[in-house]
Structure formats: C-alpha cells, structure tokens
Amino acid sequence: MRNIRDKSISECYCCANTSFITLGTRSETLSNKKGLYTFTFKDVVCESCTFIFSKQRQLKEDISDYYEFYHSNSSSTNDEECKVRYEYLKNYIEDEAVVYEVGGGKNSSFTRFLKSKDINVTKW
C-alpha cells in the first residue's frame with residue numbers, strides 16, 4: 001500500500017481567508033491496477049465565505065501515479081461514509097443552494113446520495 005503525500009492549503013480558494021472550521025480528517029484507501037493507495041483529507045469550512053474544501057492537497061506526482069493506472073469502477077464511497085459526510089455538511093447547505101462536488105468523479109456515490117436528499121449537486 002502506498003500513502004499519497006500531500007501539502008496543506010493555507011488560504012481559502014474563494015476569498016483568501018485563513019480561518020477555518022475543521023469538519024474532520026478522513027482517510028480513503030483506493031485501488032488501481034497497480035495496488036492500493038491511501039489518501040488523507042482534512043475537510044474544513046471557511047469561516048468567512050463558508051466554502052467547504054479539503055485543506056490537504058495531494059502532490060501532483062503521487063496523484064498522477066495513481067490515475068495512470070486508474071480503473072473507474074473501483075472507487076466508491078460506502079453508505080456509512082456518505083451519511084457521515086452529509087451530517088457534517090447539512091448545517092452549511094442553505095435551502096435551494098447549489099452544491100459543487102469537486103473531484104468526485106462522474107456520478108459519484110456521494111453525488112447520488114446528496115441528490116437522494118433533494119440537494120442540487122453540480123460536478124466541477
């Protein structure tokens with residue numbers, strides 16, 4: 001198994017604020033045709049604009065190695081993980097808001113879960 005290296009993001013992509021509320025840290029182990037890879041994410045909410053993102057950004061060379069041998073049907077988020085994510089996020093999603101899921105892949109399991117809760121989700 002290979003741990004994907006990352007670096008920490010110091011400011012919000014939307015407003016450049018540097019104060020965040022930590023939602024949680026999570027690790028995901030995903031597979032490709034070469035083996036298993038562990039990704040670590042520290043999910044935060046910007047205290048200024050409420051943008052939600054992962055404060056950890058994977059290094060380009062590591063992520064390129066993972067995706068070079070990626071098989072698209074291997075990665076999915078289980079129901080329990082979707083519920084945990086939703087419990088964190090639901091307090092930040094206003095009525096009729098559009099939620100952007102960045103990097104979730106085409107029709108990800110988390111996108112389908114959010115849509116099942118009547119949340120307007122757009123892939124980016």
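D95 sits in the loop between α2 and β7 (98-101), where helices (H or I, at least four residues) and strands (E, at least two) are DSSP runs numbered from the N terminus. Because its relative accessibility is 77%, D95 counts as exposed, the terms being set so that buried means under 20% relative accessible area, exposed over 50%, and partly exposed in between, with a 1.4 Å probe and protein chains only. Although D95 and N120 are 25 residues apart along the chain, their C-alpha atoms are separated by 9.8 Å.

The model is a predicted one, in which local features need pLDDT of at least 70 and side-chain atom pairs count only at pLDDT 80 or more, while totals for chains, interfaces and linings use all residues. Residues are numbered from 1 along each chain as its sequence is written, and side-chain values use heavy atoms, with hydrogens and water left out.

Taken as a whole, the protein has 3 helices and 8 strands, and along the sequence these follow the pattern β-β-β-β-β-β-α-α-β-α-β. Of its 124 residues, 34% count as buried. Among contacts between residues at least 6 apart in sequence, 56% join residues at least 24 apart, a contact being heavy atoms within 4.5 Å.

The strand pairings can be followed through β4 (35-46), with two strands taken to pair if DSSP finds at least two bridges between them. β4 pairs with β1 in the parallel sense over 2 bridges, and within that pairing N3 has T38 in β4 as its bridge partner. With β3, by contrast, β4 pairs in the antiparallel sense over 12 bridges; here F20 has C46 in β4 as its bridge partner, and the two strands form a hairpin with 2 residues between them. β4 also pairs in the antiparallel sense with strand β5 (residues 52-54), over 3 bridges, and D43 finds its bridge partner in S54 of β5. The hairpin of β4 and β5 has 5 residues between the strands, and in this hairpin T50 takes a positive phi near 65°. As background to such pairings, the side chains in a regular strand alternate between the two faces of the sheet.

Helix α1 (residues 60-68) has D62, D65 and Y66 as its buried residues. Seen down the axis of α1, these fall within an arc of 100°, so they line one face of the helix; the arc is that of the directions from the helix axis to the C-beta atoms. On the other side of α1, K60 and E68 are exposed. The elements that cover the buried residues of α1 include β1 (2-3), β3 (20-32) and β4. An α-helix has 3.6 residues a turn, so residues three or four places apart point the same way.

In α2 the buried residues are C82, R85, Y86 and L89. They cover an arc of only 100° around the axis, which puts them on the same side of α2. Their cover includes β3, β5 and α3.

The packing of α2 against α3 can then be described by its geometry. Helix α2 (residues 79-89) and helix α3 (residues 109-116) pack at an angle of about 55°, with their axes 10 Å apart, where axes are lines fitted to C-alpha atoms, for helices over the stretch in contact, and angles run from 0 to 180 degrees between N-to-C directions. That angle makes α2 oblique to α3, since angles under 35 degrees count as roughly parallel, over 145 as roughly antiparallel, 65 to 115 as roughly perpendicular and the rest as oblique. α2 passes α3 in a right-handed crossing, meaning that the near helix is turned clockwise from the far one by less than a right angle.

V121 lies in strand β8 (residues 120-123), and because its relative accessibility is 10%, V121 counts as buried. Leaving aside neighbours within four places in sequence, V121 is in contact with V99, E101, T111, L114 and K115. The C-alpha atoms of V121 and F110, which are 11 residues apart along the chain, are separated by 9.9 Å.
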